[in-house]
Each structure stands twice: as C-alpha cells, then as structure tokens.
Amino acid sequence: MARKLILHAGDPAHRPPDVHALAATLADIGLIATPLPGLLAAWYAGDAFLSHVIFLGCSPQVEFEPGDPQQAEAGHFCHVRYQRQDAGPVFRSSAGRLQPRCPGCRGRLEQWQELVRDWPSDHEATVPCAGCGRTLQAPELDWRQCAGFGRWFLEIWNIHPHEAVPTEALITRLEQVAGTPVRYFYE
Ligand SMILES: [Zn+2]
C-alpha cells in the first residue's frame, strides 16, 4: 500500500467539494496535470507540484511517473487522487501505532479504540480525559497527523509520514474551493 499525505476538512461532516471545481482549481495552481488513465478523479502531478508540497529531506527522490506497470498498479509514484465517501464520514489512519492526545491537557487517551470503533454508528460518542476530565469526541482528539475523519480526502500518493508537508498557500486555496478549514495527516 502506498503511503499518502492526505488533506481533508477539519469538520468530518463537511460535504465533499464538486470534483470539477476542485480539479479546475488544482490544475490552475499547477498541483495536478492530466488525468491518470483508468482511474476516476486521479491525476499526474502538475508543473508546480513541488512548490505546493515541500519535501523536508535535502535531496528527495520524487518519482512522478511509474517506472513499470507494477509500480503504476501499486500507486508507488507521486500523484494526486480525490476520494469521496458519499455514505458518510469515515476514519482513516496510518499503519503505525496511534497515540492520540487530549487537545486540552496533552494527556494520552487510552480508550480511543472504543471511540473509533463506535464512531461510524455514533458520531456523538465521547470519552472523558483521565487527565483533565474534558469530554471528547473522536475528531476532537489530537491525532498527531496520523489519522483523520471526513467525507472527502485529497490524497497525495507515495509520501511517507512527515516526508513532505503542504504549504500554507495550498491549504488556503483548498479552503477557498471547499469552503471549510482544511487539515492534513499521513496514511
Ligand atoms: Zn485532558
């Protein structure tokens, strides 16, 4: 499974932006180029991709084209996809161990697995923070950029956790087209 940098709405219930409006904006700023063949809402990286997604290493090896059909199939090259969840918001997370924290006191929450398990059927479920007593819903926790909730996700493929970050300008542009605050995490 290719690792991803994922931008999404801070509000998990936020309605997915129209794919045509989104694609027009992303093409306009050069984040995306032409559509990837055989996939819906997926595009090659555009000319200005590297000015919107900043790699933190000194000499990143960024592959924008798959070298062979297996690499193409696995999505192991840098490209962009838009994924909607029309049935309702979902929880997505990176493969490693999650350690969400209370946004109030920064304490670790131990019962988060129950909260995530119940979340698809009960968006109002809460856990009390053992540290400060604050009552928290799953999307309110600080997932430390390892998880996110939502009905839509703008996925930047083949990026390892914390290998690259979106610029403030990209986030702002996305907030304008989506009409809501945007956050990101790694999957
Ligand atoms: Zn707390």
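This is a predicted model: local features need pLDDT of at least 70, side-chain atom pairs count only at pLDDT 80 or more; totals for chains, interfaces and linings use all residues.

Visitor: What makes β1 and β12 a pair of strands?
Guide: Two strands pair if there are at least two bridges between them. β1 (residues 4-9) and β12 have five, in the antiparallel sense, so they count as paired by that cut-off.

Visitor: Why are β2 and β12 said to stand at the edges?
Guide: The open sheet has six strands, in the order β2-β3-β5-β10-β1-β12, with antiparallel pairing. β2 (32-35) and β12 (182-186) each have a single partner strand, so one side of each has no neighbour in the sheet. From one strand to the next, the twist averages 30°.

Visitor: Which strands does each helix lie across?
Guide: Helix α1 (residues 19-28) lies across β2, β3, β5 and β10, at about 130° to β2. Helix α5 (residues 168-178) lies across β1, β10 and β12, at about 120° to β12.

Visitor: Why is the set around Leu7 and Val53 called a nonpolar core?
Guide: A core needs buried residues of nonpolar kinds, joined through side-chain atoms within 4.5 Å. The largest such set has 29 residues, and Leu7, Leu31, Phe49, Val53, Leu154 and Ile159 touch the most other members; they are therefore part of a core in that sense. Its largest share, four residues, comes from α5. Beyond its sequence neighbours, Val53 is in contact with residues including Leu5, Leu31, Ile156 and Leu170. Another core, of 16 residues, lies apart, with Val116 and Cys129 among them.

Definitions and conventions: Residues are numbered from 1 along each chain as its sequence is written. Side-chain values use heavy atoms; hydrogens and water are left out. Helices (H or I, at least four residues) and strands (E, at least two) are DSSP runs, numbered from the N terminus. Axes are lines fitted to C-alpha atoms, for helices over the stretch in contact, and angles run from 0 to 180 degrees between N-to-C directions. Contact means heavy atoms within 4.5 Å. Buried means under 20% relative accessible area, exposed over 50%, partly exposed in between (1.4 Å probe, protein chains only). Lists of a residue's contacts leave out its neighbours within four places in sequence.
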